[in-house]
Amino acid sequence: MTLKTTALAAVGVLAAGMAAPVAAQENWTMTTVWPASLELIEMDRHFVELANLLTGDALSIELFDGGTLVPAGEVFGAVESGTVQAGADWPGYWAGRDTAFSPLATHASLFNAVDYVNWIQQWGGFEIYNEIYGQYGMVYLPYGVTNNESGFRTNTPISTTADLQGLRLRLSGLEQGRLLTQLGGSQVSMAGGEIYQALERGVIDGAEFSTPNVDWSGGFQQVTTHWSLPGWHQSSSVFGVMINKAAWDALSDETRAQLRVAADATMLWSLAFTERRSNEAYAQFQEAGIEITRLDDATLATIQEMANATIEEVACENPHSARVYLSQVEYLNDYAHWRDASAPFNLGRTPNGPDVEVLRACAER
């Protein structure tokens, strides 16, 4: 081929490329289960900001505050049906559909935040999220994680498990509710936005909700006087975005990869952000005169044993749930070798958790 024909061929390729149609921008509507008044929404906002930045002209996501498009409890159905392309959530809200959503959201006295990150990123957790959500025509991107939640906020002190006797406590989670019943309290389920008024009117005796900073944004310091630590009922929590599978499939491979990058980056940011804000809020609760008590180690060890039994019981009622817990406890047992050897310069404790063989038997049913 001569220099002239080579040049002509190059011009032809360039012209063909210029004539190729430019892919139209995808426009997504995304909502969340969190109202603007609760600081948990900051994780959703951070993800959307990063996603829009990284995807450029390929995708534009518009985020609507919780409750402005559909009620919080209807976000799952809105994404499943394609009414909205994406919905931010806390997986535990959907445990009524499948109890496997519960350990995808939180645990009673098991994972800390770094455990969830490890499991999601390197021990197969990401794939399990998408197996469970995939049954409902969704793709799931975990993008938020927090360490243990605040604990109970009441107007009487809780210093021992005996102090839970007879209390009506707002508490989320299937396993958590069963555990509270065994400890003598009773679970009351309600949305986060209803807690303040229920406490103010005495409809409930106390409540847990989220991390200290989120609880502060909920105004609980105005309607309670006591705070019981630590948050054994939710030793950490995961948040993320449900994406309608058809909407996901319409994206290019590059755009899907960019969304995963945005989710991973938001998860790292969320851990540091919520820990800093929780530290600040702890001081604010102290300054507000809230009386803070902490359960002793012996009590926490007893709760751990009860939590293990409750987890095994719930897991063995549903093979999907058993599969999730089995993967998580296998991770704990595997990671324990290095974590324990590197103590105290490590990433938290290795809990004496549920029996992996019990979970394995239930997962294989």
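## Close-up views: salt bridges, helix contacts and sheet

**A. Arg-323 is partly exposed, at 37% relative accessibility.** Buried here means under 20% relative accessible area, exposed means over 50%, and partly exposed lies in between (1.4 Å probe, protein chains only). The model is predicted: local features need pLDDT of at least 70, side-chain atom pairs need 80 or more, and totals for chains, interfaces and linings take in all residues. Numbering starts from 1 along each chain as its sequence is written, and side-chain values rest on heavy atoms, without hydrogens or water. Arg-323 meets Glu-131 in a salt bridge, 2.9 Å from N to O. The partners lie in distant parts of the chain: Glu-131 is in helix 6, Arg-323 in helix 13, and 192 residues separate them. Glu-131 is also partly exposed, at 40%. A salt bridge needs a side-chain nitrogen of Lys or Arg within 4 Å of a carboxyl oxygen of Asp or Glu. By that rule the count is 18.

Helix 6 (residues 125-134) meets helix 13 (residues 319-341). Helices (H or I, at least four residues) and strands (E, at least two) are DSSP runs, numbered from the N terminus. The two axes come within 11 Å and cross at roughly 170 degrees. That makes helix 6 roughly antiparallel to helix 13. Axes are lines fitted to C-alpha atoms, for helices over the stretch in contact, with angles from 0 to 180 degrees between N-to-C directions. Under 35 degrees is roughly parallel, over 145 roughly antiparallel, 65 to 115 roughly perpendicular, and the rest oblique. Helix 6 supplies Ile-128, Glu-131 and Ile-132; helix 13 supplies His-320, Arg-323, Val-324 and Ser-327. These residues divide into three nonpolar, two polar and two charged. Ala, Val, Leu, Ile, Met, Phe, Trp, Tyr, Cys and Pro count as nonpolar, Asp, Glu, Lys and Arg as charged, and the others, Gly among them, as polar.

**C. Helix 12 (residues 297-315) crosses helix 13 at roughly 135 degrees.** Their axes come within 7 Å. The two helices are therefore oblique to each other. Contact means heavy atoms within 4.5 Å. Ile-311, Val-314 and Ala-315 of helix 12 touch Pro-319, Ser-321, Ala-322 and Tyr-325 of helix 13. Six of the contact residues are nonpolar, one is polar and none is charged.

**D. Arg-360 and Glu-330 form a salt bridge.** The closest N and O atoms are 2.8 Å apart. The pair links helix 14 (residues 356-363), which holds Arg-360, to helix 13, which holds Glu-330, across 30 residues. Both ends are partly exposed: Arg-360 at 24% and Glu-330 at 33%.

**E. Glu-39, Arg-276, Arg-277 and Glu-280 belong to one salt-bridge network, joined through shared partners.** In the pair of Arg-277 and Glu-39, N and O lie 2.9 Å apart. Arg-277 sits in helix 11, and Glu-39 in the loop between strand 1 (26-32) and helix 2 (41-55), 238 residues away. Arg-277 is buried at 16%. Glu-39 is buried at 17%.

Six strands form an open, mixed sheet in the order 7-6-8-5-9-11. Strand 7 (186-188) and strand 11 (291-294) are the edges; each has a single partner strand, so one side of each lacks a neighbour in the sheet. Strands pair if DSSP finds at least two bridges between them. Strand 9 (residues 226-229) runs parallel to strand 11, joined by four bridges. His-226 stands opposite Glu-291 of strand 11. Helix 11 (residues 253-287) lies across strand 5 (152-154), strand 9 and strand 11, at about 140 degrees to strand 9.
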